[in-house]
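Dear colleague,

Please find the structure handed over below, together with its sequence. I would be grateful if you could read the notes that follow alongside it.

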Amino acid sequence: MALPANKETAAAPVQGNGSAYDTRSKPLLLPARGFWLLSFVMLCASSIGLWLFSRGFLLTRMVLPDHSSASVLPYSHSSGDVAVSSLTDASASVHGWYPAKFDRTIVFIIDALRIDFAAWSEELDAKLNIKEHPATDGLGGTRHDHRHTSRIMPYHNRLPVLHSLSAKFPEQTMLYRFRADPPTTTLQRLKALTTGQLPTFIDAGSNFAGSAIEEDNWLQAMRRPSMHNCNATDTAKYGKNSNSCGGFKRNLVFLGDDTWMSLFPSELSDTCALESDATHLEPADSLDRSNTRGWTRSRPFPSLNVWDLDTVDDGVLSRLPLFLLPPESEEHTMDDRQADSVRTKRQDWRRLVKQQEMLSHPDIVSTRQNSPSSNNLKSAMASDRVGPLELHREWDVIIAHGLGVDHCGHRFGPDHPTISQKLSQMNKAIEYIVDSIDNSEKSTALFVFGDHGMDLKGDHGGDSPREVDAALWIYSNKKWNTKKGAERAARVMEHASAIIDNLALGSSLDQDIRTSWWLNTHLTDDYSSNPNTPTLKPTRLRSIPQIDFVSTLSLSLGLPIPFNNLGAVIPELFASDGDVQGEWGLLRALRLNAAQVMRYLATYTSKSHTHGFSNDALHAWKDMYDRAETSYRELSDLIGQNSRNRRQPRIEEFEEKVAAEYHAFLRLVLGTLRQMWAQFDPALIFTGLCIIILTVIALVLLHIRSQHLALEEIVSRTWKVCFTSGIAAGIVFRALASVQYINNTMVQMTLTDTSIAGYVIGFMLAFCAQLLCKQDKPNALQTKSLNMCILQMTSPHMLLNGTAYAAAILHSLAFTSNSFTFSEDAIVHYLLQSLLLVVTISGWSVLAASNIPNAKRKEAAKRAVAYALAIIVLNRISLYSTVCREEQLPGGCVPTFYGSPSASITGIPLSIANLAMVWLVPYVILRVLQQSQSHRALVAKLWIGVGLRISMAMAALYWVLDSIDGSLASGEASPKHLAGQTAGAKTDSDWSELRIVLARMALGVALGGGLSAWLASPFCLDVAIADTPQASQPTLTPKRTQSKAKQQQLSSVSAPKQTAVILGYGNAFGAAYLVFVTVVFSVLYVFQQPMGGIMLSILLIKLILCAELFDFLRDALTAEDGTSTSSLVPAQMTVMSLLAYQGYFATGHQFTLVSIQWSTAFVGIREMQLYICGGIVALNTLGAFLLTAICVPLAVLWNESLGLQKLRLAPDMYIAKIAGVGAVYSAYQLIITVGSAVFAAWFRRHLMVWKVFAPRFMFSMPVFMTGLVVSLVAIGFAAMRVLRQGLAVGNAQALVAQKFNLRN
Amino acid sequence: MGSAKQHQQQDKPPASSGGRADGAALADHKKYPLEANGIELMLAGMANAMSLVTPRKGLNIYANPVKYLSVTASVLFGYYAILTFADIYCFKVTDARRRSKPLAARVRSVLGMALATLVAAAVIALGFVLFGAPVGSQHAETLMAALNVALLAVTPVILTLKRDIGSWRRALLSVEAKSIPEKWAAGFFWCTMTTTWAAAYFVPMDWGRPWQRWPIPIVGGAFLGNLISLLFVALRCFVLPMARADFQESERIKVQMTREPHPGSAHPNAVKKDQ
């Protein structure tokens, strides 16, 4: 890199020559227009791509905090006229929403109960040769088609009790296909089954850490304190069932999957302990039931061990008899026959439990209480106030959630015989539950359902038909589904589907929203493979969306429908209620439901301006609701007119019509919202990804072209074609968007989006094509013969760059697995070390090569190897600092960032270690500068020698004080101690004032001192008159001493004995730029916690070493003939990018929201200021990426001497070269972004998408933007400024002349 | 790589050996039949199998990896020691001179092999740590894993290439044409090292399998790589050269036959005619 000897300058007088150079170099302005234009294009293209992708991918929904109240009906009173209000509202505030249909309810969830597990097939039964059931099929026609054979799976017909009961009591049972919304994971399903909401990506408003449900749900409603008491008149007025009217807390029993506990920690907290503590209350008074109202019994069991098929089920089944069967202590009150039957039943239950040791748990084995009342047997479930008898008699709702079937699917798959055992066990359990219900005098409902299905392999989470089609079976000991009611309900639903099909919006809704029936195709094994020739005739089944369960359960329990619910009531459950508060039961239920949904929509749209509902949808909802309300008013008029004969068929028909309109409204809302909230937009995702990938290609091509073409030339060649093709593609896309088929795939994409996307895609395609196609100047690939190419493939350059490409691809492929995404820190380290190992090996191979006689190359190779090894060791040191993701903790990850695993405030030793950096960083920088003698310049001496040290020292001191404060605050005795010492309560405020001053001064020194010093004179140049021994010997002619490193000497004519030496000539540009980097570094250093400060310092050292390493490597790998066509830029940029990622992890971050160091927001400021605090946190979080992006131009500028001929002859080409480096760096960041985006979209229905893939993608956007923007700005401002100044300084002669003029 | 460096620095070869050895090695290439001694391929497979005994109660890699790995290491070391002592490792023709090698020299060569392997193991352990192996804990695991990897990857190189630094460089650091011993060494070293490197894939996966504990995937990768390299080396150093030599021989015969027709070729016809 030494300047080529300039013969002319050696002899000619300095003054004259210098001025000549001045005139030549001054007017040479660096052309920056092309650079900025291209930067703008790339920035726009990538941000539009990311924006489109995020719109299609990151579905958001606001969580409303409102709750439905039992005493407030959802009708809007303003719209209703007097007649309506007189009809309905008179008793509303007293009687709640809907009188409870059942006294008690059992919700029995069999996880992953697919519809074909529950559905009965006569035909398969004939094959199975099970003869215990009669031949009538209550579900579908009896078809015997023996020509076709179908495989009988181990899960077919394993729940015969459902079928036999349906046949026996058709008015008490019903089987539904229970269609779940994806993602079909248990947690998401439970949320939907309790709140009635659709899952979205970001439930805005919920806290990210906790998983407890904040939205209104029916568990909350049950646990809410009573608004008013029910009195006897209500009971008398509203029939035999209505002894509960929604005004008291329900007694709740929960057994099973512990996911419920994380969702409802407060609602399901066991009240057992609490009651036994309340000894001051009088002992259980059997008459005063209101005192014992509202108890809860929860027995959660671990859900995560999918290999354990039995524990949860056994836990549930062993405890259920405590509630369903009378306790042992009561057996003496019954006659012998009863007692015997109870005993046999208890034995039956006990036989169901697989792990018999489960039965010895104190919950089940009742102990004789040592109380005076001798016969009082008590189990751990019972408490002082709620004894075993109360447990049996008083429960209102039992939620039992068994996981055995699901785990069996995960473990063995649905085709394994184990599943038939599991289902048979469930069959028995249902049988016993039904038996106990039948024996109970209270009306009891049983809901048996699966929260989701399972796919062919037994897994779930996605949106395939087998995963979403669960089963729901309802049973009650009272008739709730009379023949007439069922017929009326069917008419309502048929009418409603007809209404929806006639609506404009309705045609795009899902099939299962539009019709309420479904052909059970799952029983045929060739599902979806060959629908034309099914082996079994598909049976017709009722089909409901899963969230319909919420409003149905709420109303049938006499509770208000949860505020956010979107489901509709199941018509059959209410159609048989002839007269509820003066109207048909189904009509009242549907009207309540519709009014509640309308209230929710109104609240939602008024709460946020960016609700995202389209105007079409809003209008359609409003129209449909108004239509239904108008019809309702007409109906009430009609009833009012002929009140005597209200059972007229005409009125019934009218009632059905109105109910159908409400039902259609509810279905319409659910269908449109499902598209908006539960459906990703594949069109947006795809176009967004296309644009990002095109941008990556464009960046890479830009790098390749910029080695031979100036940016201005690229712009002038491409812009016309780009603009025209952009406009053309925009028009084409817009036209395509109106094609029906494509239009169907677009959920949220608007026409504007398509035009923009089309324009950008057309533009980028044309740009890439223009860059790809043949240019005037031949490029490397076109001129080279194949042989040369192959030869080049084996060259170290290709090896290095190839490894770099592989590392980039492997890094972006890390998002294929959640485990890899968890341990991205280890993967980045691994890739970085591997890449550096290859660098070392290639350097070593030069060193070991026998056929290279060039000593200079060997020296360079030796240094390159040394630097590479140094970076490897430093990387290992950086790996020491970790902050663990919660997923890494079980794997033995120990967080060391704060000094100790449990602390969140840095210990004092670490912050004192941080003080060492104050010495180390300037020392290393000066040592590096010393190699080119740049360290003796004024800027280096003043800023790096003094200013940087002061700034860093103050920042480090700030953190020392911070950790002292932190450790003092945590110590309990210290406040007293401090107060005694300084005699005042203001001790820590004094400290904090000092800290604020320190932080601000550190910043002031960095920005005021460092930046202004750099702006004033960036170059680390100094001219020394060599008072060397040569000077003292007059006999020696002025000679050019061979510079040891990068040093240029020039003779001075004025004093022949002396030699003017320009110090720092060889690395003039690199050193000048390095000064700028240190200024940025000292700003970032302030905002890093002690360990982060250490690691950021190490990162800076590594980045400088990396610049040196690749410079030497280039020297070492350049062949003797000097023809090195391929550059090492890809390898260098990959190493730098990986260093940035490692720096990010080492400075105490992970790609999770919880690892953001919010405490740094208050460095140097007193009170919260949103933008400043946010900016500081961003500087803290993205510090490593910022620092690395700033260092990008160093890859070109390092060790470039002041007399750079390339720059002087073709400045535009030189700018293009730097811009190309920036393009490669941005391309790396964009590749990682593309990787995270692609796999986030790919795994959009994955179990972990909310926790892993989506946050990673969201983090990759600011990381990429930082990389792109900062590297471009660094090139555009800082590097340009250095180059411009370099050109203005002119030549060595001018410099020397200037110096002499100054001195003389 | 690291070990290669070590040996280049440690074992300075006599000045004269470089060029001559190259020529001799290249000359070996053309000889037919090969002077390679294939017994160690067979034995290496056996040693691998013996060292990888199935985990059982007393010797369970999951329960006590250090103990298990020390057993495998000693089996491998014993195998190498026997071969070194008998001086029958790769490409040795049993000639009288070698048979009459004094006992002390044999012991010295075994000790040298052991020492070099230990140094290589230390370098590989350092490499493990640099790649992220735990520092504060599990020292024994790391060292044992490194010893196993060294025995599988580096010891064949040590035994094959001895102190010939030129061969080391050609085998491990360059793409130049190699002699058969160099191919042998390169095959073992690079296959085993690459597989060891790639086996780190399994470390972060959350499968929760017992074999995902720290040194097990790495050592498993090394054993797998060693087996692959056995096949690879057998193909590259034995089968291919033999096939090539066979082919050349047959070509030569063909050329001879076409040039000067065989005198006996007409003879059978004549007999036929006679009949």
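The notes below set out the conventions and then the findings.

This is a predicted model, in which local features need pLDDT of at least 70 and side-chain atom pairs count only at pLDDT 80 or more, while totals for chains, interfaces and linings use all residues. Residues are numbered from 1 along each chain as its sequence is written, chains are lettered from A and ligands numbered from 1 in the order in which they are written, and side-chain values use heavy atoms, with hydrogens and water left out.

Chain A in outline

Of the 1304 residues in chain A, 59% are buried. Buried means under 20% relative accessible area, exposed over 50%, and partly exposed in between, with a 1.4 Å probe and protein chains only. Among contacts (heavy atoms within 4.5 Å) in chain A between residues at least 6 apart in sequence, 81% join residues at least 24 apart.

A:D111 is located in the loop between β2 (104-110) and α6 (115-118) of chain A. A:D111 is buried yet lacks a salt bridge, and the nearest side chain of opposite charge, A:R189, is 10 Å away. For charge, Lys and Arg count as positive and Asp and Glu as negative, whereas His and the chain ends are not counted. A salt bridge requires a side-chain nitrogen of Lys or Arg within 4 Å of a carboxyl oxygen of Asp or Glu.

The side chain of A:D111 does make polar contacts with the side chains of A:H452 (3.0 Å) and A:T186 (3.5 Å). A polar contact is a pair of N or O atoms within 3.5 Å; within protein, one must be able to donate a hydrogen and the other to accept it, and residues adjacent in sequence count only if both atoms are side-chain atoms. Not counting residues up to four places away in sequence, A:D111 touches several others, including A:D257, A:H401 and A:D451.

Helices α15 and α19

The axes of α15 (residues 311-324) and α19 (residues 418-439) of chain A come within 11 Å and cross at roughly 10°. Axes are lines fitted to C-alpha atoms, for helices over the stretch in contact, with angles from 0 to 180 degrees between N-to-C directions. α15(A) and α19(A) are therefore roughly parallel to each other, a term for angles under 35 degrees. Among the residues making the contact are A:D314 and A:L317 of α15(A) and A:Q425 and A:M426 of α19(A).

A:D314 is buried, with a relative accessible area of 0%. Leaving aside neighbours within four places in sequence, A:D314 is in contact with A:L352, A:V353, A:K354, A:Q355, A:M358 and A:Q425.

Salt bridges

Over all chains, the count comes to 35 salt bridges. A:R591 forms one with A:E629, the closest N and O atoms being 3.3 Å apart. This pair links distant parts of the chain, with A:R591 in helix α25 (residues 585-607) and A:E629 in helix α26 (residues 615-641) of chain A, 38 residues apart. A:R591 is buried at 3% relative accessibility, and A:E629 is buried at 6%.

A:R351 and A:D348 also meet in a salt bridge (2.6 Å, N to O). A:R351 is exposed at 60% relative accessibility, while A:D348 is partly exposed at 22%.

With kind regards

How values were computed. Helix = DSSP H or I, 4+ residues; strand = E, 2+ residues; numbered from the N terminus. Parallel < 35°, antiparallel > 145°, perpendicular 65-115°, else oblique.
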